[in-house]
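Here's a quick briefing on the charged side-chain pairs in this structure. Have a look at the model first, then read on.

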Amino acid sequence: MARINKGGIIKAVETTQMRDDIPVFSSGDTVAVYFKVNEGSKTRVQRLEGVVIRINGGGLNRSFILRRETNGIGNEITYNIHSPLIVKIDVLRQGKVRRNYISYMRSRSGKSARIKSEI
């Protein structure tokens, strides 16, 4: 009896659902995320801009945490990169950080929350 390669089957199904229009970005980068919001029977596209704090997972389960600060109040949102609700992602600035997970940004605001540009 032949063995079934479950990992190969799952990978084949996942590759059909993965997006190929995602730009390359990492933690510390400033990105703008355009995503669909349903309000009753209408849908609109909302744009959120912030710093990527963390990218975790792999394949279809890859996600990132976006942090934005408005009037001194921090807001963090987790997005799945391959979600059909995301219209597009624009990389606005590449930041130079030494860590993969920059959780120290949560305790900073104002000038101390700046990240040096990589370019």
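A search of the whole structure turns up six salt bridges, each being a side-chain nitrogen of Lys or Arg within 4 Å of a carboxyl oxygen of Asp or Glu. Keep in mind that this is a predicted model, where local features need pLDDT of at least 70, side-chain atom pairs count only at pLDDT 80 or more, and totals for chains, interfaces and linings use all residues. Residues are numbered from 1 along each chain as its sequence is written, and side-chain values use heavy atoms, with hydrogens and water left out.

**R47 and E49**
- These two side chains pair up in a salt bridge at 3.1 Å, N to O.
- R47 is partly exposed because its relative accessibility is 40%, and partly exposed means between buried (under 20% relative accessible area) and exposed (over 50%), using a 1.4 Å probe and protein chains only.
- E49 also has a label of partly exposed, with a relative accessible area of 37%.

**R106 and E76**
- Here the salt bridge spans 2.7 Å, N to O.
- R106 lies in the segment after β5 (86-93) and E76 in strand β4 (residues 73-80), so the pair links distant parts of the chain, 30 residues apart; strands are DSSP runs of E, at least two residues, numbered from the N terminus.
- R106 counts as partly exposed at 39%, and E76 is partly exposed at 28%.

- The side chains of D90 and K88 meet in a salt bridge at 3.7 Å, N to O.
- D90 is partly exposed at 25%, and K88 is partly exposed at 39%.

Technical notes: Helices (H or I, at least four residues) and strands (E, at least two) are DSSP runs, numbered from the N terminus.
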